[in-house]
Amino acid sequence: MKKSLLTLAFCTASLLAGAQVVEVQSVTKVPVAGDLAVNIPRVSPDGRFAIVSTCDDNTLHRVDLTTGVTEKVADNGSALHLSFTPDGDNIVFKSSTTAQDRRRFYAVKLVELGTGYTRNLSKPARHCAGFTVSPAGVLSLSEAGRFSAQQLRGGSATATPVIGQPVVNIHYGHLELTMPDGTVTNLDPQGRGSYLWPNLSPDGTKISYFLVGKGCFVCDLDGTNVRPMGYFRAPAWLGNDALVAVDDEFDGDGIVAASIVAISLDGTVQTLTDNTVAAFNPWATADGKHITFSSAEGDLYVINLK
């Protein structure tokens, strides 16, 4: 374990300048064992560990956020599209495989972290099914125009019938919404464009997304009430009333700086990390208490909020 635990000493005045969206308790570099190069991290609901994609391959690893101890939990997976059951005991994610003719196929899988048991939730397809996992532990799956919902382990008592949530996905650059009644709509709130990073708010009432060349936005489920949030990348929900995202700066050759910001729905922006680290791929717990992000060098960080 080469890296030592390091709590970054950020200047309180610079972090809290202007209006405040959240209160930062600490920003900590995690001593990841084995020099594992972290690409995309997703923090568990209780903030104890993260599931990360690596920079070197398509494997998923569990990383203890206190000790940095790692454990491989899946092959051919990405943390970009990954959700936990509410108790953090299971993960649902998109997996990819390459056929002999080099065509790539995608499927949604579930892994029980305690046992390693893995099962397919969707059939391999050229265009992967979309999914959400609700705060009650209900998996909603949109697969080839069909909607289904099921109670996963780790949720609350099963409702009768199981009530699914809307599913947001990107299909050929469109922002696509599938409702529990099976209705599929290309929302595209601002017309045709390249939509990225769509996320449903924890309460299932709003959608955040990024539109190439335009920036970060939030809208209602029907695509109305579009609110510009600024030109920030990789937006993710920080509770139901704020986002966490990347504020990056380019010169003629590439990115020269990147920091993590919190943005309230009224447009207030608070910088959470300074320019000593080029920060990417933020993700927050549903309760808004913990944020993980990675650096350009493949290091893993956690922001603890009060």
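In this predicted model, glutamate 23 and lysine 306 are joined by a salt bridge, with their closest N and O atoms 3.5 Å apart. This pair ties together distant parts of the chain: glutamate 23 lies in the loop between α1 (12-15) and β2, while lysine 306 belongs to the segment after β27, 283 residues apart. The two partners can also be described by their surroundings. Glutamate 23 is partly exposed, at a relative accessible area of 41%, whereas lysine 306, with 56% relative accessibility, counts as exposed.

The count of salt bridges comes to eight, and two further examples are worth a look. Lysine 72 meets aspartate 75 in a salt bridge whose closest N and O atoms are 3.0 Å apart. Lysine 72 has a relative accessible area of 47% and is therefore partly exposed, since that class runs between 20% and 50%. Aspartate 75 likewise counts as partly exposed, at 43% relative accessibility. In another example, the side chains of lysine 206 and aspartate 203 form a salt bridge with an N to O distance of 3.8 Å. Here lysine 206 is buried, because its relative accessible area is 10% and the cut-off for buried is under 20%.

Asp247, Glu249, Asp251 and Asp253 form a negative surface patch. One of these, aspartate 251, sits in the loop between β22 (242-250) and β23 (255-264). The relative accessible area of aspartate 251 is 42%, which makes this residue partly exposed.

Strand β27 spans residues 300-305 and is mostly covered, with six of its six residues buried. In a regular strand, side chains alternate between the two faces of the sheet. In β27 both faces are covered: on one side Leu300, Val302 and Asn304 are buried, and on the other Tyr301, Ile303 and Leu305 are buried too.

Strand β27 also has pairing partners. Strand β2 (residues 24-30) runs antiparallel to β27, and six bridges join the two. Within this pairing, lysine 29 stands opposite tyrosine 301 of β27. Strand β26 (residues 290-295) is antiparallel to β27 as well, joined to it by five bridges. Here isoleucine 291 has isoleucine 303 in β27 as its bridge partner. β26 and β27 together make a hairpin with four residues between the strands, and glycine 298 in the turn has a positive phi of about 90°.

Strand β8 (residues 90-98) and strand β9 (residues 104-112) run antiparallel and are joined by nine bridges. Valine 92 stands opposite leucine 110 in β9. Five residues separate β8 from β9 in this hairpin, and arginine 102 in the turn shows a positive phi of about 75°. On its other pairing, β9 meets strand β10 (residues 118-120) in the antiparallel sense over three bridges. Lysine 109 has asparagine 120 in β10 as its bridge partner. β9 and β10 again form a hairpin with five residues between them, and in this turn glycine 116 has a positive phi of about 85°.

Note on methods
Residues are numbered from 1 along each chain as its sequence is written. This is a predicted model: local features need pLDDT of at least 70, side-chain atom pairs count only at pLDDT 80 or more; totals for chains, interfaces and linings use all residues. Side-chain values use heavy atoms; hydrogens and water are left out. Patches are made of residues with over 30% relative accessible area and no salt bridge: like charges are joined within 9 Å, nonpolar side chains (Val, Leu, Ile, Met, Phe, Trp, Tyr) within 5 Å. Accessible areas come from the Shrake-Rupley method with a 1.4 Å probe; for residues, only the protein chains shown count as cover. A salt bridge is a side-chain nitrogen of Lys or Arg within 4 Å of a carboxyl oxygen of Asp or Glu. Lys and Arg count as positive and Asp and Glu as negative; His and the chain ends are not counted. The place of a charge is taken as NZ of Lys, CZ of Arg, CG of Asp or CD of Glu. Buried means under 20% relative accessible area, exposed over 50%, partly exposed in between (1.4 Å probe, protein chains only). Two strands pair if DSSP finds at least two bridges between them.
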